[in-house]
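Me: Can you walk me through this one? I have the coordinates open and would like to go through them piece by piece.

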Amino acid sequence: MKVISRSVWLLSLISLFTDAASEMLYPIMPMFLKSIGFSIVLIGILEGLAEAVAGLSKGYFGKLSDSTGRRVPFVQAGYALSALSKPMMALWIAPLWIFFARTTDRVGKGLRTGARDALLSAEATPANKATVFGFHRSMDTLGAVIGPVIALVYLYFYPGNYKTLFLLAFIPGVLAILVSLFIKESGKASVISNGKPVSFFSFLHYWKTSPVSYRKLVAGLLVFALFNSSDVFLLLQAKQSGLGDTQVIGIYIFYNLVYALFALPLGMLADKWGIKMIFISGLGLFAIVYGGMAFSHSFWVIGFLFFLYGLYAAATEGIAKAWISNIVRKEDTATAIGTFSGFQSICALLASSLTGIIWYTWGSAAAFLFTATMSVVVLLYFLTLQKPALESVKLP
């Protein structure tokens, strides 16, 4: 069987273009927000609220995708919304408008995530699922390298001129929309529609009817998400440690490059050695990074920590979704991933808000040490779970 199919290539290429657009803006977002008057607490709340809105929409649209038996329309509409949100940021700097533009982007992500991941899952088998998701994450993150490079070059010639970047980010977004037109529904990806209406919170019912293994896995993932704040705080800490704008962007590019290079190899290792082993190793790296960022002020030390952070991301993000899709029924894939993503984004609201408050009250070191400590607690949770609860199971 061909592991990387045409559909996987197309979805990965779309993600590359979309991430190039998003990540062109992400590393400069904290500097842009501070330049228009946002405080560290408000930045945390903005990021958290945007992610929470995205999360709830992931759950709803994932359930709707499973209910209707359609994947492609959700993917196409989701990427289109995200592309349109980029130039919106350049039009007006009022806080409510910034929130609206940021939320539009996140709703686009909510529209596409469950359906896209269900398409990826349908193109794989349990034996190579981590490889397929790893390849997608690798391509997605390659876009996260290209985008900041463009931002870095632009800001070198036009320092502090952030608004034009939001207009430039529309270009790769349009390319993503065009490529999405070539995706087609396939027999492997389609599911049978049950014809029932789907309410906005109907995906929450899935938690009660899901396999026990799903609930045990997702419970651990959600506790971790509850203390895993936005990467914006890592970038702000790097900036606060004395790094310039170009160095902050450069180190973020380096992180994404490491992530892109290692996502596929670590996905292949997960298929060979076991998803649990690779995932727990990633959590260990996360704890080291956050503990180190609490005290590091050297450019080289911070650079090394971002290298480890790239390895952590490669060992957990795509692999977690492969893990989930291996323990649920095929016709529930979008709902299962959407439900997890929905709860995860609500946790992100709390995590980013909490981190912003701790930082503001007790300083950045306290915020990072708190996160590192809680990640070790989650790591121990996964170590103590019985093996059958976390392995792939065959469901009727």
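**Overall fold**

Reply: The secondary structure of the protein consists of 16 helices and zero strands, where helices (H or I, at least four residues) and strands (E, at least two) are DSSP runs numbered from the N terminus. This is a predicted model: local features need pLDDT of at least 70, side-chain atom pairs count only at pLDDT 80 or more, and totals for chains, interfaces and linings use all residues. Residues are numbered from 1 along each chain as its sequence is written, and side-chain values use heavy atoms, with hydrogens and water left out.

Me: What share of the protein's residues count as buried?
Reply: Of the 396 residues, 60% do. Buried means under 20% relative accessible area, exposed over 50%, and partly exposed in between, with a 1.4 Å probe and protein chains only.

Me: And what share of the contacts join residues at least 24 apart?
Reply: 86%, among contacts between residues at least 6 apart in sequence. Contact means heavy atoms within 4.5 Å.

Me: On to α14. How does the distance between its end C-alpha atoms agree with the expected span?
Reply: Helix α14 covers residues 299-326, which is 28 residues, and at 1.5 Å a residue it should span 40 Å; the end C-alpha atoms are 41 Å apart, which agrees. The expected span is 1.5 Å times one less than the number of residues.

Me: Where does α14 bend?
Reply: At I319, by about 35 degrees. The bend at a residue is the angle between axes fitted to the seven residues ending there and the seven starting there.

Me: Which side chain reaches the backbone at the start of α14?
Reply: That of S298: one of its side-chain oxygens comes to within 3.3 Å of the backbone nitrogen of W300. A polar contact here is a pair of N or O atoms within 3.5 Å; within protein, one must be able to donate a hydrogen and the other to accept it, and residues adjacent in sequence count only if both atoms are side-chain atoms.

Me: Why is α14 described as largely enclosed?
Reply: Because 22 of its 28 residues are buried, it is largely enclosed by the rest of the structure.

Me: Which residues touch the most other members of the largest nonpolar core?
Reply: F32, Y214, I324 and F382, in a core of 117 residues. The largest share of this core, 15 residues, comes from α14. A nonpolar core is a set of buried Ala, Val, Leu, Ile, Met, Phe, Trp, Tyr and Cys residues joined through side-chain atoms within 4.5 Å.

Me: What does Y214 touch?
Reply: Leaving out residues up to four places away in sequence, Y214 touches Y206, W207, I324, I327, V328, A336, T339 and F340.

Me: T339 is in that list. Where is it found?
Reply: In helix α15, residues 333-362. T339 has 0% relative accessibility, so it counts as buried. A polar atom of its side chain lies 2.7 Å from the backbone oxygen of T335.

Me: Switching to charges. How many salt bridges are there?
Reply: Nine, taking a salt bridge as a side-chain nitrogen of Lys or Arg within 4 Å of a carboxyl oxygen of Asp or Glu. One of them pairs K321 with D117, at 3.0 Å from N to O. That pair links distant parts of the chain: K321 is in α14 and D117 is in helix α5 (residues 95-122), 204 residues apart.

Me: Are those two buried or exposed?
Reply: K321 counts as buried at 16% relative accessibility, and D117 counts as buried at 1%.

Me: What does D140 pair with?
Reply: R137, with the closest N and O atoms 3.7 Å apart. Both lie in helix α6 (residues 129-157), three residues apart, about one turn of the helix. D140 is buried at 7% relative accessibility, and R137 is buried at 16%.

Me: What else does R137 touch?
Reply: Y259, A263, E317 and G318, not counting residues up to four places away in sequence.

Me: And which residue does R329 bridge to?
Reply: E331, with the closest N and O atoms 3.8 Å apart. R329 is partly exposed, with a relative accessible area of 36%, and E331 counts as partly exposed at 36%. Elsewhere, salt bridges that share partners join K86, D105 and R106 into one network.

Me: Last one, V107. Where does it lie?
Reply: In helix α5. V107 counts as partly exposed at 23% relative accessibility. It touches V53, S57 and L81, not counting residues up to four places away in sequence.
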